[in-house]
Amino acid sequence: MGIFLILLSIAIVILLVFKGVPVFYSAFIASLFCLLTAALFTGAGVDVGVGKYLLQSMTDTANTSYVQGLGGYFTSNFCIFVLGAIFGKLFDNSGAADAIAETIVAKLGAKAVIPAIILVGWILTFGGVSVFVAFFAMYPLMLSLFKEADIPRRLLPLFYFAGAGTSSGWIPGSPQAHNLLPSTALGVAPTAWLVPGVCFAIFETALVVLFVFWYTARCKKNGEHFELTEADKKVMEEKAAKDISNRPSFLLALAPMIILMLALNVIKLAVPLSLLVGILAAVILFFKSFDLKSFWKMMSDGAMGGVSSLFNTAAIVGFGSVVKMVPAYATLCGLLVNAFSNPIVASVVTVGGLAGVTGSGTGGIGLAMPVVIENFIGDLVTNPNHVNLAALSRCTSIAALTLDSLPHCGLVVSVLSYTGNTHKSSYMPCAVVFVIAPIITVALMLLFIVATGQTYLPV
């Protein structure tokens with residue numbers, strides 16, 4: 001019963017978000033429901049009365065678990081969101097994004113928009129750029145490309161997730177947390193299970209690209225076009241009023257992105273410092289392209305956009321913190337592991353399930369790996385059960401990027417909100433690329449492992 005109530009609270013979040021209820025209120029209502037029903041199920045509140053216990057639960061939720069989870073995430077990720085948003089705003093306001101978009105479309109044609117956006121997102125995230133940072137950097141570029149190619153703006157999230165939210169996070173060698181956390185926990189290299197891992201990553205990428213081509217063509221066939229929102233119109237009016245002769249050249253427009261990638265991946269500066277370097281590079285290189293009279297307003301608008309997206313994400317993380325407090329949460333973890341005898345299958349199901357509960361792939365890994373190691377592997381040094389840790393690491397990495405992107409996922413909510421779209425208009429095609437495609441891929445990986453006997457190492 002307790003597990004059912006956890007799942008029901010998740011369903012409440014999903015339903016409320018779909019109905020247009022603000023994320024903060026959706027997450028808080030679901031958190032309150034989760035705590036109250038868990039307490040009543042265990043007999044709490046019977047003596048004092050349901051009404052009084054409801055008030056107490058509301059107070060506890062506001063003052064402890066929910067706010068602590070929200071506040072902790074907000075504090076630790078403030079620089080990433082805000083600096084990332086400012087970085088993207090500089091590209092937008094300077095015309096650098098337009099320069100890149102128009103050059104790509106002019107050289108390769110509108111048909112190249114799909115592979116171009118997907119490839120850029122994939123390379124940025126494979127290179128170590130945070131999915132949040134990559135989004136803020138790419139959004140102005142994507143908006144311009146969509147306008148040029150006349151692609152419905154409700155597909156903005158689909159295109160972004162197709163590149164930045166798929167195989168780039170788990171392919172062998174990726175510096176993303178989804179790859180590094182399992183390899184570190186299991187004591188294997190980030191490139192573990194290299195050849196099969198790369199082959200399956202190529203398969204998933206091909207599946208995603210084919211779907212995006214098909215779905216975009218379907219939308220255009222149905223008569224959908226790019227339509228400016230009020231926010232887009234304001235941006236376009238500001239751009240039209242600018243002297244395009246001051247716009248950065250194509251190579252100059254690319255320079256801050258390259259500098260940011262080098263700072264992150266070669267020099268290996270901390271993410272906030274790398275973003276600051278990218279911002280400074282953009283300000284210096286694009287200085288002649290800015291309207292200096294509105295410079296600080298532009299910077300303020302960028303920062304506030306980042307704060308808004310951060311708050312939406314933190315609200316969902318707060319809900320995940322509440323779920324972890326419920327007694328049935330431990331039972332749920334045990335059931336997910338004990339339902340399968342194969343350690344790799346158990347790990348995939350456990351990580352994927354917990355990622356879905358918390359709306360976080362890294363959260364699912366962090367919660368599941370200690371349980372998997374304790375129950376199936378034992379001492380990692382001697383590995384008495386002879387589990388293939390390389391295959392386990394690779395499957396765990398992709399499992400974290402399956403159910404983590406259900407509608408209540410903070411990243412999903414942020415991207416949909418920032419692009420001016422809704423779950424109803426944009427989520428379902430996104431779910432194909434960041435839920436269904438990775439599930440199909442990991443299922444084939446498990447079949448391959450079982451069929452070839454790679455679950456255990458030779459004794």
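Predicted model: local features only at pLDDT ≥ 70, side-chain atom pairs only at ≥ 80, totals over all residues.
Residues are numbered from 1 along each chain as its sequence is written, and side-chain values use heavy atoms, with hydrogens and water left out. Helices here are DSSP runs (H or I, at least four residues), numbered from the N terminus.

**The α9/α18 pair**

- The axes of α9 (residues 177-186) and α18 come within 8 Å and cross at roughly 150°; axes are lines fitted to C-alpha atoms over the stretch in contact, and angles run from 0 to 180 degrees between N-to-C directions.
- That makes α9 and α18 roughly antiparallel to each other (under 35 degrees counts as roughly parallel, over 145 as roughly antiparallel, 65 to 115 as roughly perpendicular, and the rest as oblique).
- On the α9 side, His178, Asn179, Pro182, Ser183 and Leu186 meet Leu389, Leu392, Ser393, Arg394, Thr396 and Ser397 of α18, where contact means heavy atoms within 4.5 Å.
- Sorted by class, the residues of this α9 and α18 contact are four nonpolar, six polar and one charged (Ala, Val, Leu, Ile, Met, Phe, Trp, Tyr, Cys and Pro are nonpolar; Asp, Glu, Lys and Arg are charged; the others, Gly among them, are polar).

**Serine 393, in α18**

- Serine 393 sits in α18, which spans residues 389-399.
- With 0% relative accessibility, serine 393 counts as buried (buried is under 20% relative accessible area, exposed over 50%, partly exposed in between, using a 1.4 Å probe and protein chains only).
- The serine 393 side chain reaches the backbone nitrogen of serine 183 at 3.5 Å.
- Setting aside neighbours within four places in sequence, serine 393 touches Pro182, Ser183, Leu186 and Val188.

**The α8/α19 pair**

- Helix α8 (residues 156-164) and helix α19 (residues 410-418) have axes that come within 9 Å and cross at roughly 135°.
- α8 and α19 are therefore oblique to each other, and their crossing is right-handed.
- Pro157, Tyr160 and Phe161 of α8 pair up with Leu411, Val412, Val415 and Leu416 of α19.
- The contact of α8 with α19 has seven nonpolar residues, with no polar and no charged ones.

**The α6/α10 pair**

- For helix α6 (residues 113-126) and helix α10 (residues 194-221), the axes come within 10 Å and cross at roughly 145°.
- The α6 and α10 crossing is right-handed.
- From α6 come Ile114, Pro115, Ile118 and Trp122, and from α10 come Thr205, Val209, Val212, Phe213 and Thr216.
- Class by class, the contact of α6 with α10 has seven nonpolar, two polar and no charged residues.

**Positive phi in the loops**

- Aspartate 150 has phi near 55°, a positive value in a residue other than glycine.
- You'll find aspartate 150 in the loop between α7 (131-149) and α8, partly exposed with a relative accessible area of 29%.
- Tryptophan 193 also isn't glycine, yet its phi is positive, near 55°.
- The loop between α9 and α10 holds tryptophan 193, which is buried with a relative accessible area of 8%.

Terms used:
Helix = DSSP H or I, 4+ residues; strand = E, 2+ residues; numbered from the N terminus. Left-handed = near helix turned anticlockwise from the far one by under 90°. Polar contact = N/O pair within 3.5 Å; in protein donor to acceptor, adjacent residues only side chain to side chain.
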